Amino acid sequence: DVLIHALPIFHVHGLFVALHGALARPDHVRGLVAIASSPRFILAPDWPHAVDPSVFSGFANELETRFEHAIERFLALETLGSPHGREELRALRAQVFAAGAPRIEALREGLAVLAREDLRGAVSGLRVPSLWIGGRRDRLVPSAALAWCASQAPDARHLELPSGHAPFLAHAREIAEAIAALDAGADT
């Protein structure tokens, strides 16, 4: 048995992988935890809980022309709205660049996945308990997207924390407790 987590960096990809795994093999999955992850990253007429396409394409273009600046800007968005933003930004920088700069090809492919994937229809098919965690001040993946997922999935719970896009930095204890509660509930 496995408890699947979807975490950054580019954690929305993690949700895609985790959700596919939970849907394909629910007998091998105890639960799914999504943190600041959405089944659709780009705004649509029927999906207001996302990033505007112009913002997304601007980031993609900047990634091609000003790579380091684009990464720095993305990391700054991760901590936007957090009362401990500066410390969190330093921690994220250290994590992202610990093994050197990310490969541009991997980032391009990651953005392509974010642009094309829409797993909203799959959320209601979950057959395992799920926990959807979002930050109230998140500018990239609004907590409303996670609340929507929790409303669609059976046996689901939404946890909103007073943070930005990286609630796991400032609220690690609350998240760990919520995951432990989900895991304990999966045993029953």
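**Exercise 1: Aromatic pairs**

Phe-56 is buried, with 12% relative accessible area. The model examined here is predicted.

Task: Determine how many aromatic pairs there are, and classify the geometry of the pair formed by Phe-41 and Phe-56.

Solution. 
1. The count comes to two aromatic pairs.
2. For Phe-41 and Phe-56, the ring centres are 6.0 Å apart and the planes are at 65°. Since ring planes over 60 degrees apart count as edge-to-face, the pair is edge-to-face.
3. Phe-41 belongs to the loop between strand 2 (29–35) and helix 2 (53–65), while Phe-56 belongs to helix 2, so the pair ties together parts 15 residues apart in sequence.
4. Phe-41 has a relative accessible area of 8% and is buried.

**Exercise 2: A pair between distant parts**

Task: Describe the pair of Trp-47 and Trp-148, and state whether each residue is buried or partly exposed.

Solution. 
1. Trp-47 and Trp-148 pair edge-to-face, at 5.1 Å centre to centre with 80° between the planes.
2. Trp-47 is in the loop between strand 2 and helix 2, and Trp-148 is in helix 7 (residues 143–152); the pair links distant parts of the chain, 101 residues apart.
3. Trp-47, at 1% relative accessibility, counts as buried. Trp-148, at 25%, counts as partly exposed.

**Exercise 3: Helix packing**

Task: Characterise the packing of helix 2 and helix 3.

Solution. 
1. Helix 2 packs with helix 3 (residues 67–79) at an angle of about 140°, and their axes are 5 Å apart.
2. The two helices are therefore oblique to each other.
3. Among the residues in contact are Phe-59 and Leu-63 of helix 2, and Phe-67, Ile-71 and Phe-74 of helix 3.
4. By class, this contact of helix 2 with helix 3 has six nonpolar, two polar and two charged residues.

Key. Residues are numbered from 1 along each chain as its sequence is written. This is a predicted model: local features need pLDDT of at least 70, side-chain atom pairs count only at pLDDT 80 or more; totals for chains, interfaces and linings use all residues. Side-chain values use heavy atoms; hydrogens and water are left out. Rings of Phe, Tyr and Trp (its six-membered ring) pair if their centres lie within 6.5 Å; planes under 30 degrees apart count as stacked, over 60 as edge-to-face and the rest as tilted. Helices (H or I, at least four residues) and strands (E, at least two) are DSSP runs, numbered from the N terminus. Buried means under 20% relative accessible area, exposed over 50%, partly exposed in between (1.4 Å probe, protein chains only). Axes are lines fitted to C-alpha atoms, for helices over the stretch in contact, and angles run from 0 to 180 degrees between N-to-C directions. Angles under 35 degrees count as roughly parallel, over 145 as roughly antiparallel, 65 to 115 as roughly perpendicular and the rest as oblique. Contact means heavy atoms within 4.5 Å. Ala, Val, Leu, Ile, Met, Phe, Trp, Tyr, Cys and Pro count as nonpolar, Asp, Glu, Lys and Arg as charged, and the others, Gly among them, as polar.
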